[in-house]
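Visitor: I'm new to this one and would like to be walked through it slowly. Could we start with the sheets and then move on to whatever packs around them?

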Amino acid sequence: MDKLIVVSCTTYGSLPRANKFWHSVNGNLESGLNIRKVMLDDGTLHLPSLRERREFCRRFGIHLIEHGNNRGIPAAWNSIMSYSMAEGAWLTCIFNDDLTFLAPGWLSRMIYFFEKNRDIGMVGLPLVQEPGFKSDDPRWDNPPGRVGAAVGCAFRVQPETWALVKNPEDGSTGFWSDLVAFHEEIMFGFRLAQLGYISVMLPFPPCWHTGGATVAANDELGWRQPSPYFPMEEFLI
C-alpha cells in the first residue's frame with residue numbers, strides 16, 4: 001500500500017487537546033502505510049501556544065498549516081483538502097482534536113472500504129460519548145450504514161471527490177465556508193448525494209469524542225457575522 005494518506009486534525013487555542021489526539025493516533029496506527037500527518041491551526045492568537053504547537057509538530061513530524069486568523073471549520077477542512085490535492089493524496093482523514101481512538105484498525109478498515117466500493121463520499125467512524133466502552137458490545141457488529149453525511153468530527157473523503165462539489169451560492173469548491181461552524185458536513189454530504197455519491201458510517205472501531213470542547217474553551221468561536229446568503233430568520237431555522 002503506497003498510496004499517500006493524509007491523517008489530519010484541526011485545532012485552535014492551547015495545545016493539550018491536540019497533544020492527546022496525536023498520541024492517540026500514534027498508538028493506533030498500523031505500520032507499512034504511506035501516511036502524512038497534518039495539523040491545521042485555525043488562527044490561534046496566543047503566541048506562546050502557537051510557538052509550542054510549532055515545536056510539537058516539528059518534534060513529531062507533523063506538517064503544520066497556519067491560517068493566521070480564525071476562518072471557521074469548513075475553511076479549515078478546505079485548506080487540508082487543498083493540501084492533500086497538491087500532494088497527490090489518495091485519501092484524507094479529518095478529525096477534531098478532541099477525539100481519542102479506542103481501538104486499532106480504524107485506518108486499515110477505512111482503506112479496505114474505499115478500495116472495495118465505488119462512488120463513496122464521506123465515511124465516518126462511530127462515536128462514544130459516555131463511559132464504559134466495551135469492545136464486545138453487539139452494536140459494533142452492525143453492517144456499515146448509509147447516511148446523508150458522516151459525522152464532521154471523524155470522517156474520510158477522497159480529494160478528487162471533494163473537488164467535485166461546487167457551492168452554487170458563491171461558486172466555491174468543497175465545504176461551504178459561509179456556514180463557519182454548523183451543518184457544514186451535512187451540506188457537503190447532501191451535495192455529494194446529488195452527484196451520486198453515497199456517504200457511510202462504519203460500525204467499528206469507535207472514537208471517544210469530547211463534543212464541543214474547543215468552543216467551550218474559546219467563547220469567541222460561538223459567534224459569527226451575519227450571512228450574506230441567508231436572511232437571519234432563515235439562518236436560525
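Visitor: So what's the strand order in the sheet of 8 strands?
Guide: Keeping in mind that this is a predicted model, the open sheet of 8 strands runs in the order S3-S2-S1-S4-S9-S6-S10-S8, and its pairing is mixed.

Visitor: Which strands stand at the edges?
Guide: Those are strand S3, residues 63–66, and strand S8, residues 145–147; each has a single partner strand, so one side of each is left without a neighbour in the sheet. From one strand to the next, the twist averages 25 degrees.

Visitor: And how is S8 joined to S10?
Guide: S8 and strand S10, residues 198–201, run antiparallel and are joined by 3 bridges. Within that pairing, arginine 146 has valine 200 in S10 as its bridge partner.

Visitor: Let's go to S9. Which strands are joined to it?
Guide: Strand S4, residues 91–96, is joined to S9 by 4 bridges and runs antiparallel to it, while strand S6, residues 120–124, is joined to S9 by 2 bridges, also in the antiparallel sense.

Visitor: Which way do the S9 side chains point, and are they buried or exposed?
Guide: Ala154 and Arg156 point one way from S9, whereas Phe155 and Val157 point the other way, and all of them are buried. In a regular strand, side chains alternate between the two faces of the sheet.

Visitor: What lies across this sheet?
Guide: One answer is helix H4, which lies across S1, S2, S4, S6, S9 and S10 and runs at about 160 degrees to S6.

Visitor: OK, the core next. Which residues in the largest one touch the most other members?
Guide: The largest nonpolar core has 33 residues, and those touching the most other members are Val7, Trp22, Met39 and Phe95. At least two residues each come from strand S1, helix H1, helix H2, S4, strand S5, helix H4 and S6, and H4 gives the most, with 6 residues.

Visitor: How many aromatic pairs does the structure hold?
Guide: It holds 17 aromatic pairs. One of them is the tilted pair of phenylalanine 56 and phenylalanine 60, with 4.8 Å from centre to centre and 45 degrees between the planes. These two residues are 4 apart in helix H2 and are therefore separated by about one helical turn. Phenylalanine 56 is buried, with a relative accessible area of 2%, whereas phenylalanine 60 is partly exposed, at 30%.

Visitor: What about tryptophan 176 and phenylalanine 230, why is that pair called edge-to-face?
Guide: Their ring centres are 5.7 Å apart and their planes stand at 65 degrees, so the pair is edge-to-face. Tryptophan 176 is in the loop between H5 and H6, and phenylalanine 230 is in the loop between helix H7 and helix H8, so the pair ties together parts that are 54 residues apart in sequence. Tryptophan 176 counts as buried at 1% relative accessibility, while phenylalanine 230 is partly exposed, with a relative accessible area of 21%.

Visitor: Where is asparagine 167, then?
Guide: Asparagine 167 is placed in the loop between helix H5, residues 159–162, and helix H6, residues 184–194. This asparagine 167 is buried, with a relative accessible area of 2%.

Visitor: What does asparagine 167 touch?
Guide: Not counting residues up to four places away in sequence, asparagine 167 touches Ser172, Thr173, Gly174, Phe175, Trp176 and Arg191. A polar atom of the asparagine 167 side chain lies 3.1 Å from the backbone oxygen of glycine 174.

Visitor: Last one: what's the strand order in the sheet of 3 strands?
Guide: That open sheet has the order S5-S11-S7, with mixed pairing, and its edge strands, S5 and S7, each pair on one side only. S7 and strand S11 pair in the parallel sense over 2 bridges, with valine 128 standing opposite tryptophan 208 in S11.

Conventions:
Residues numbered from 1 in each chain as written. Predicted model: local features only at pLDDT ≥ 70, side-chain atom pairs only at ≥ 80, totals over all residues. Heavy atoms only, no water. Buried < 20%, exposed > 50% of the residue type's maximum accessible area, 1.4 Å probe, protein only. Pairing = 2+ DSSP bridges. Core = buried A, V, L, I, M, F, W, Y, C linked by side-chain atoms within 4.5 Å. Axes fitted to C-alpha atoms, helices over the stretch in contact; angles between N-to-C directions. Contact = heavy atoms within 4.5 Å. Polar contact = N/O pair within 3.5 Å; in protein donor to acceptor, adjacent residues only side chain to side chain. Phe/Tyr/Trp six-rings, centres within 6.5 Å; stacked < 30°, edge-to-face > 60°.
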